[in-house]
Amino acid sequence: MEFVKRNAIVFDVSNIINRDISTQDIDIDLIEKNMFIAFYTGFIEQESYGTKLYFTEHPQLSDELIDILLNKEISIIGIDCAGIRRGKEHTAKDQYCADRGVFIVENLCNLSLILDGRKTNTFVANTYPLNFSGMTGLPCRVVAEQKR
């Protein structure tokens, strides 16, 4: 329950193509302890959920970026695609983060609405876990509160 309400920031990294999203692509100094950090890649809007490409060709975060986020003691990494890493690295990297107290939220929708034309925007993320049996992940509903 301590992860339900978090100060959050979304970074527009939709211009990053054919390489990992790295520390140079975002302003690390904007990240604070316990934050929900979201990445808008635009991929969920370009490739239909459930297709082979959706799960195998999505953007991914560099290992260096993931480690810096973990060192900043954030709470949650959110991304609008199938994961922060692809293939065999997917589950291993999710567990790597979980072992350090950081959860991964995948397949986020409507991050462009939070950005509202900016490259970066802050908001409050409300993350509500859903209790479904037989699931491989931890499904949740994420609701953004826009700061006005």
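Colleague: Let's start with Asn34. Where does Asn34 lie?

Modeller: You'll find Asn34 in the loop between S1 and S2. Keep in mind that we're looking at a predicted model.

Colleague: Why does Asn34 count as partly exposed?

Modeller: Its relative accessibility is 33%. Buried would need under 20%, and exposed would need over 50%. Asn34, at 33%, falls in between, so partly exposed is the label.

Colleague: And Asn18, why does that one count as exposed?

Modeller: Asn18 comes out at 81% relative accessibility. The cut-off for exposed is over 50%, so 81% passes. Asn18 also sits in the loop between S1 and S2.

Colleague: What is said about phi in Asn18?

Modeller: Phi of Asn18 is positive, about 65°, although Asn18 is not a glycine. For Asn34, phi is near 70°, again a positive value in a residue other than glycine.

Colleague: On to the strands. What makes S1 largely enclosed?

Modeller: Strand S1 covers residues 5-12, and six of those eight residues are buried. Buried means under 20% relative accessible area, so with six of eight below that, S1 is largely enclosed by the rest of the structure.

Colleague: What joins S1 to S2?

Modeller: Five bridges do, and here the strands run parallel. S2 spans residues 36-40.

Colleague: How many bridges join S5 to S6?

Modeller: Seven, with the two strands running antiparallel. S5 covers residues 120-129. Among the facing positions are Ala125, opposite Ala144 in S6, and Thr127, opposite Val142 in S6.

Colleague: In what order do the strands form the sheet?

Modeller: The six strands go S4-S3-S2-S1-S5-S6, in an open sheet with mixed pairing.

Colleague: Which strands stand at the edges, and why is one side of each left without a neighbour?

Modeller: They're S4 (103-105) and S6 (140-146). Each has a single partner strand, so one side of each has no neighbour in the sheet. Neighbouring strands of this sheet are turned by 30° against each other on average, direction ignored.

Colleague: How many helices and strands are there in the whole chain?

Modeller: Five helices and six strands. From the N terminus on, the run is β-β-α-α-α-β-α-β-α-β-β.

Colleague: How do you know that the radius of gyration agrees with a compact globule?

Modeller: For 148 residues, a compact globule would have a radius of gyration near 15 Å, and the protein chain has 14 Å, so the two agree. Along the principal axes, the C-alpha atoms fill a box of roughly 40 × 35 × 30 Å. As for burial, 44% of the 148 residues count as buried.

Colleague: How much space lies in the second largest pocket?

Modeller: About 240 Å³. It is lined by 13 residues, and the closest to its centre are Ile16, Ile17, Asn18, Glu57 and Pro59. The lining divides into four nonpolar, five polar and four charged residues.

Definitions and conventions:
Residues are numbered from 1 along each chain as its sequence is written. This is a predicted model: local features need pLDDT of at least 70, side-chain atom pairs count only at pLDDT 80 or more; totals for chains, interfaces and linings use all residues. Side-chain values use heavy atoms; hydrogens and water are left out. On a 1 Å grid over the protein atoms alone, a cavity is a set of points where a 1.4 Å probe fits but cannot get out, and a pocket is an open set with protein on both sides within 12 Å along at least five of seven lines; lining residues have an atom within 4 Å of a point. Grid points are joined across faces, edges and corners, and a volume is the space filled by probe spheres set on the points. Ala, Val, Leu, Ile, Met, Phe, Trp, Tyr, Cys and Pro count as nonpolar, Asp, Glu, Lys and Arg as charged, and the others, Gly among them, as polar. Two strands pair if DSSP finds at least two bridges between them. Helices (H or I, at least four residues) and strands (E, at least two) are DSSP runs, numbered from the N terminus. Axes are lines fitted to C-alpha atoms, for helices over the stretch in contact, and angles run from 0 to 180 degrees between N-to-C directions. The radius of gyration is taken over C-alpha atoms; the globule rule is 2.2 Å times the number of residues to the power 0.38. Buried means under 20% relative accessible area, exposed over 50%, partly exposed in between (1.4 Å probe, protein chains only).
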